[in-house]
Amino acid sequence: MTSIPWNTRLRELAKQCHYLQALTLYRQMLRCGSTPNAFSFPFALKSSASLSLPFAGQQLHCHVIKFGCSSEPFVLTSLISMHCKFNTLENARKVFDKNPLSNQLTVCYNALISGYALNAQVFDVIALFCRMRQNGISVNSVTMLGLVPVISEPGYLSEGMSFHCSCVKLGLNLDYSVANCLLTMYVKCGAVEFGRKLFDEMPQKGLITWNAMISGYAQNGHAATVLELYKEMEASKVSPDVVTFLGVLSSCANLGAISVGREVEQRIVSSGLGLNPFLNNALINMYARCGNLVKARGLFDRMPVKSVVSWTAIIGGYGIHGYGQIAVELFDEMIKGGIRPDAAAFVSVLCACSHAGLTEKGLDYFVEMRTKYQLQPGPEHYSCVVDLLGRAGRLTEALELINSMRVKPDGAVWGALLGACKIHRNVEMAELAFNQVVEFEPENIGYYVLLSNIYSAAENLEGVLKVRVMMREQKLKKDPGFSHLEYKGRVHLFLAGDRSHPQKEEIYRMVDELETLVKKFVGCKKNEERRNNELFLGMGVHSEKLAIVFGLLNSEPGTEIVIIKNLRVCEDCHLFLKVVSKIVDRQLVVRDATRFHHFRDGEGPFGLPQHQLTVDKTGGDEKRTSLLEGLQRKGPLGKGVVLNQPWLRTAAKASILRITSPNPDNNIADMMI
């Protein structure tokens with residue numbers, strides 16, 4: 001029997017990925033007395049490599065030599081590829097070097113380059129490519145597709161640009177696959193602007209091209225641009241896929257763009273991807289980070305199969321909203337259900353314990369991670385535990401933990417300790433933590449501001465001045481604080497002291513009214529002094545106040561307002577939002593740089609007194625009086641009050657709305673709004 005029918009069947013089995021059957025057929029071929037040839041070995045070698053059977057691969061290599069096929073180009077290429085997949089690069093290199101023919105064939109160079117790339121041998125890849133060029137071996141698109149991915153990391157941008165130049169020189173940049181590969185390289189290296197330039201110059205943009213650009217923007221924190229690009233993609237009539245939706249949902253989560261997220265969810269369902277687990281996990285994360293925890297939980301509960309990623313998403317969602325106890329219960333439920341937690345799941349539950357003050361529970365999980373699940377904690381786990389101990393005031397233990405770490409502490413670990421020092425005003429330990437953290441992140445201005453605030457709280461003006469000098473020497477400027485919220489599908493952005501918004505007059509008038517009420521309610525002289533100092537320094541009203549007031553002006557009474565802030569909420573604004581939530585009877589939700597803050601009915605540690613809203617019918621016309629009566633409900637001040645209504649201010653001026661307090665010490669009895 002000739003080898004031709006055997007080769008045909010071998011090829012079909014290998015093509016259909018039936019690798020075990022292909023090797024079985026090869027053995028049958030030998031038992032039947034048929035001799036394998038140059039067309040038999042590539043499929044047998046590929047099957048052995050795909051099944052990770054190095055012993056079978058070695059036997060096949062012997063057969064190649066035995067039957068005199070070691071000089072055949074396709075056999076050579078298959079041998080090199082097989083040894084690379086077995087991670088026996090030295091054997092692959094021997095095959096390449098010992099056969100003079102391989103040094104003259106592009107396919108052999110391509111196979112070895114791909115093998116080095118597969119094993120992340122960057123310098124070997126570059127050296128082999130240089131040798132290839134020196135020997136005058138032709139370079140094709142396959143060469144570049146094997147070479148470029150290995151340098152798709154931030155540290156290799158210059159090498160990537162050099163290869164891009166080579167592609168232009170050789171005319172390979174016009175190849176669609178090579179162009180997409182170069183685009184991916186740029187965005188993975190963090191050079192998004194170069195990637196966008198290449199993207200704009202590409203005459204043909206397929207789904208892969210759009211996905212590469214969208215994913216690149218999403219991974220580099222350009223969330224707003226992702227949404228803009230997604231709209232362009234839809235306008236171009238290119239249908240999105242799972243990769244597209246993942247990038248867009250990630251950006252919606254970062255921006256808090258919940259209306260866009262809802263539209264994407266509808267598109268996912270209409271595309272028949274509603275049961276895709278990756279998209280469901282992304283939707284859970286998006287809704288949780290946009291403030292709609294109820295919707296996130298609903299999606300989670302409806303998932304037929306919940307992976308550890310699904311559990312991690314919902315646990316993290318409850319954690320950032322401050323519901324640590326529920327997060328802990330979910331984590332325990334996950335374990336009881338037979339799901340083994342991974343490193344990411346422990347990060348989520350440790351953060352949840354930290355935000356909720358569940359110190360002992362968090363420490364128990366940290367111990368279990370090592371002893372019960374044999375997971376080695378990374379810097380991200382240690383930073384959570386340092387934050388956990390720091391919030392509880394156990395700063396000495398936190399420092400001891402850092403000093404006992406098995407891995408080198410990074411900036412996040414020392415930053416967590418620095419943040420804890422601010423809470424408990426420990427200047428000495430703060431200086432220690434700061435000196436360590438700036439070694440890792442010398443240009444992270446947040447740490448300088450944090451130390452300055454610690455010095456300021458301790459009334460250490462010399463320390464404040466020292467930090468300012470360091471910032472000036474490093475040429476650092478404080479990031480502008482901004483807040484944004486979504487209204488009617490559009491994101492409204494506010495900077496501190498922003499006066500560019502079309503409704504600025506109404507916004508600032510209402511801010512002044514609310515601040516007056518807040519000062520009267522809690523007697524915050526310190527806050528008033530801080531506000532005056534901010535105005536003197538030109539800082540203006542903090543962005544979260546402007547965003548919240550814009551939401552009050554433009555939303556229906558009783559609806560929840562969710563805003564996103566890029567920095568942490570300061571103590572003054574925290575107090576302001578608590579009191580305002582009582583005045584206007586709204587649920588106010590603010591997501592800052594670390595977590596969500598929920599404000600409702602003025603809940604907080606400052607003991608806000610109970611006030612009553614009463615209607616005085618002795619003045620004003622019947623229409624305005626009836627409107628006020630319609631708003632009045634039983635309970636504390638502000639139930640049903642909408643301060644932004646012009647007729648309400650008119651009613652107040654007409655002496656028909658008064659605020660009374662059972663506590664005469666508050667000095668606001670019969671105060672007019």
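This is a predicted model: local features need pLDDT of at least 70, side-chain atom pairs count only at pLDDT 80 or more; totals for chains, interfaces and linings use all residues.

Student: Is Ser47 buried or exposed?

Tutor: Burial is judged by relative accessibility, with the cut-off at under 20%. Ser47 has 0%, so it counts as buried. Leaving aside residues up to four places away in sequence, Ser47 touches Ala14, Tyr19, Ala22 and Leu23.

Student: Which residues of α2 are buried?

Tutor: They are Tyr19, Ala22, Leu23, Leu25, Tyr26 and Met29. Looking down the axis of α2, you find these buried residues within an arc of 160°, so they line one face of the helix. On the face turned away from that buried side, α2 carries exposed Leu20 and Arg31.

Student: And what span does α2 reach from its first C-alpha to its last?

Tutor: For spans, compare with the value expected at 1.5 Å a residue. α2 (residues 19-31) has 13 residues and reaches 19 Å, close to the expected 18 Å. After α2 comes Gly33, with a positive phi near 85°.

Student: Now for a helix pair: at what angle do α21 and α22 pack?

Tutor: An angle over 145 degrees counts as roughly antiparallel. Helix α21 (residues 343-356) and helix α22 (residues 359-371) pack at about 160°, their axes 8 Å apart, and are therefore roughly antiparallel to each other. The crossing of α21 past α22 is left-handed.

Student: Which residues meet there?

Tutor: From α21, Phe346, Val349, Leu350 and Cys353 meet Lys361, Gly362, Tyr365, Phe366 and Met369 of α22.

How values were computed. Residues are numbered from 1 along each chain as its sequence is written. Side-chain values use heavy atoms; hydrogens and water are left out. Helices (H or I, at least four residues) and strands (E, at least two) are DSSP runs, numbered from the N terminus. The expected span of a helix is 1.5 Å times one less than its number of residues. Buried means under 20% relative accessible area, exposed over 50%, partly exposed in between (1.4 Å probe, protein chains only). The arc is that of the directions from the helix axis to the C-beta atoms. Contact means heavy atoms within 4.5 Å. Axes are lines fitted to C-alpha atoms, for helices over the stretch in contact, and angles run from 0 to 180 degrees between N-to-C directions. Angles under 35 degrees count as roughly parallel, over 145 as roughly antiparallel, 65 to 115 as roughly perpendicular and the rest as oblique. A crossing is left-handed if the near helix is turned anticlockwise from the far one by less than a right angle, and right-handed if clockwise.
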